[in-house]
Amino acid sequence: MQIAKDTVVSMHYTLSDETGEIESSRNTAQPIEALIGHGGMIPGLENALMGHTTGDQVEVDVVPAEAYGERDEGQVQRVPKKYFRDGARLKPGVITALAMKDGGQRTVTVIKVGSSVVDVDLNHPLAGKTLHFAVEILAVREASAEEIAHRHVHGPGGVEH
Ligand code: ZN
């Protein structure tokens with residue numbers, strides 16, 4: 001079966017930029033599973049995987065516009081320390097989660113830590129980077145109607161509920 005909209009791909013991937021490896025699914029026990037065509041994967045990677053099948057190795061460079069966007073230098077904010085769960089452990093360069101007013105979370109990078117406030121960069125840590133993905137496709141299957149309705153994968157490697 002070929003990768004297309006409404007399929008589920010099981011894969012191993014290694015992500016790197018010009019300075020080296022950033023993360024790899026091979027460092028964890030499980031390959032990752034992704035539902036294709038529902039916004040769960042960055043567009044540049046998803047487009048590169050389309051039409052491939054089990055056993056294929058895919059290598060692709062993805063520019064920021066097709067990944068996590070360009071960096072916006074205006075996205076630096078001063079936030080009271082109490083909004084961080086791990087306020088005591090913050091230091092420059094640490095990537096942490098900031099609770100948002102809407103109840104969600106945002107991944108931020110700490111720039112500077114004061115006694116009661118923290119300067120953070122709200123840009124995604126991978127914004128502005130051209131990313132290199134090396135992917136090995138382990139399996140491709142049709143997504144269930146329920147997975148498509150929920151817009152995520154169910155079962156081991158996905159959401160179990
Ligand atoms: Zn679900």
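Student: How many residues lie between β7 and β8 in the hairpin that they form?
Tutor: This is a predicted model, in which local features need pLDDT of at least 70 and side-chain atom pairs count only at pLDDT 80 or more, whereas totals for chains, interfaces and linings use all residues. Residues are numbered from 1 along each chain as its sequence is written, and side-chain values use heavy atoms, with hydrogens and water left out. Strands are DSSP runs of E of at least two residues, numbered from the N terminus, and they pair if DSSP finds at least two bridges between them. Strand β8 (residues 117–121) runs antiparallel to β7 and is joined to it by 4 bridges, Val113 stands opposite Val118 in β8, and the number of residues between the two strands of the hairpin is 3.

Student: Which residue in the turn of the hairpin of β6 and β7 has a positive phi?
Tutor: β6 pairs with strand β7 (residues 105–113) in the antiparallel sense over 5 bridges, and Leu98 has Arg106 in β7 as its bridge partner. The hairpin leaves 5 residues between its strands, and the turn residue with a positive phi, of about 95°, is Gly103.

Student: Which residue in β2 stands opposite Ser16?
Tutor: β1 and β2 form a hairpin with 2 residues between them, and their pairing is antiparallel over 4 bridges. Opposite Ser16, the residue in β2 is Glu21.

Student: How far apart in space are Arg78 and Val113, C-alpha to C-alpha?
Tutor: Arg78 belongs to strand β5, and its relative accessibility of 56% is why it counts as exposed; exposed means over 50% relative accessible area, buried under 20% and partly exposed in between, with a 1.4 Å probe and protein chains only. Arg78 and Val113 are 35 residues apart in sequence, while their C-alpha to C-alpha distance in space is 9.5 Å.

Student: What is the arrangement of the 4 donor atoms around the zinc ion?
Tutor: Donors are N, O and S atoms within 2.8 Å of the metal (3.2 Å for Na, K and Ca), and water is not among the atoms, so sites may look incomplete. The protein donors of the zinc ion are His150 (ND1), His152 (NE2), His154 (NE2) and His161 (NE2), at 2.0 to 2.1 Å from it, and the spacing of the donor residues in sequence is H-x1-H-x1-H-x6-H. Four donors count as tetrahedral if all angles lie between 85 and 135 degrees. Because the angles subtended by the 4 donor atoms are 98 to 122°, the arrangement is tetrahedral.

Student: Which element gives the most residues to the lining of the largest pocket?
Tutor: A pocket is an open set of points on a 1 Å grid over the protein atoms alone, with protein on both sides within 12 Å along at least five of seven lines, and its lining residues have an atom within 4 Å of a point. Of the 15 residues that line the largest pocket, the closest to its centre are Tyr13, Ile32, Leu45, Tyr68 and Phe133. The elements that give two or more residues to this lining are β1 (7–17), β2 (20–24) and β3 (32–35). With 3 residues, the element that gives the most is β1.

Technical notes
On a 1 Å grid over the protein atoms alone, a cavity is a set of points where a 1.4 Å probe fits but cannot get out, and a pocket is an open set with protein on both sides within 12 Å along at least five of seven lines; lining residues have an atom within 4 Å of a point. Four donors count as tetrahedral if all angles lie between 85 and 135 degrees; four count as square planar and six as octahedral if opposite donors are over 155 degrees apart and all others between 65 and 115; anything else is irregular.
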